[in-house]
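Please keep the sequence and the structure in view while reading.

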Amino acid sequence: MDLAAVEADLTEVLISEEEIKAKIAELARQIEADYTDDDDVLLVGVLKGAVMVMADLARELKLHLTMDWMAVSSYGSGTQSSGVVRILKDLDTDLTGRKVLIVEDIIDSGLTLSWLRANLESRGAESVEICAFLRKPEAAKVQVDCKYVGFEIPNAFVVGYGLDYAERYRNLAGIGVLAPHVYENAEA
């Protein structure tokens, strides 16, 4: 869906579809420089937000790899993280000796991703790196070492390209800032 279809729900467009495609290709080249087919890389996508990033990145990578998915939550239905992480869907893959690359849509506070990295490291992975498509430096509550970052963005509530508000807007081709009138009354 094009961003223009929900123009009244956005205050601005942050990242266009063309900019997304170019950044995914750039991230793939960076990852390919660090891994080989012999590394047996496991991409771990964080549901649901990372679906678009994971799919596009996996198609762009010129490496043999495997993929698995986890669903973790610290949000509930609002726009602010609760700070309590819950596993909603765990991995099906044994991580022992594997090179793991977590693919995440966005780093806000960093609390969930910091917890997730420690959790995956504790399962015997050889290495655990992070590829985050978006990062909000101003929102960080903990520092998360992220090897691959697509875009640094302002501390605003963004939707599109997998990011949602109340399960809507995930299928937007670009990324925009959600207008407060969309969520302020819903959270009251």
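Helices (H or I, at least four residues) and strands (E, at least two) are taken here as DSSP runs, numbered from the N terminus, and two strands pair if DSSP finds at least two bridges between them. The model is predicted, so that local features need pLDDT of at least 70 and side-chain atom pairs count only at pLDDT 80 or more, while totals for chains, interfaces and linings use all residues. Residues are numbered from 1 along each chain as its sequence is written, and side-chain values use heavy atoms, with hydrogens and water left out.

Strands of a sheet pair through backbone hydrogen bonds, either parallel or antiparallel. In this model, an open sheet of three strands has the order β1-β9-β8, and its pairing is antiparallel. Both β1 (10-15) and β8 (158-159) are edge strands with a single partner each, so one side of each has no neighbour in the sheet. Between β1 and β9 (residues 175-178), which run antiparallel, there are four bridges; Val-13 is placed opposite Gly-176 of β9.

Helix α1 (residues 17-34) comprises 18 residues. From first C-alpha to last, α1 reaches 26 Å, close to the 26 Å expected at 1.5 Å a residue, where the expected span is 1.5 Å times one less than the number of residues. Ile-20, Lys-23, Ile-24, Leu-27, Ala-28, Ile-31 and Glu-32 of α1 are buried, that is, under 20% relative accessible area, with exposed meaning over 50% and partly exposed in between (1.4 Å probe, protein chains only). An α-helix has 3.6 residues a turn, so residues three or four places apart point the same way. The buried residues of α1 pack against β1, α2 (51-60), β5 (99-107), β6 (127-135), β7 (148-152) and β9, contact being heavy atoms within 4.5 Å.

The cysteines come next. With a disulfide taken as a pair of cysteine sulfur atoms within 2.5 Å, the count is zero. For Cys-131, the nearest cysteine sulfur is that of Cys-146, 6.8 Å away. Cys-131 is buried at a relative accessible area of 0%, and Cys-146 is buried at 11%.

Most residues other than glycine have a negative phi, and most peptide bonds are trans. A cis peptide bond, with omega about -5°, joins Leu-47 and Lys-48; Lys-48 lies in the loop between β2 (41-47) and α2. Asp-40, not a glycine, has a positive phi of about 50°. Asp-40 sits in the loop between α1 and β2 and is partly exposed at 37% relative accessibility. Glu-167, in the loop between β8 and β9, has a positive phi of about 70° and is partly exposed at 47%.
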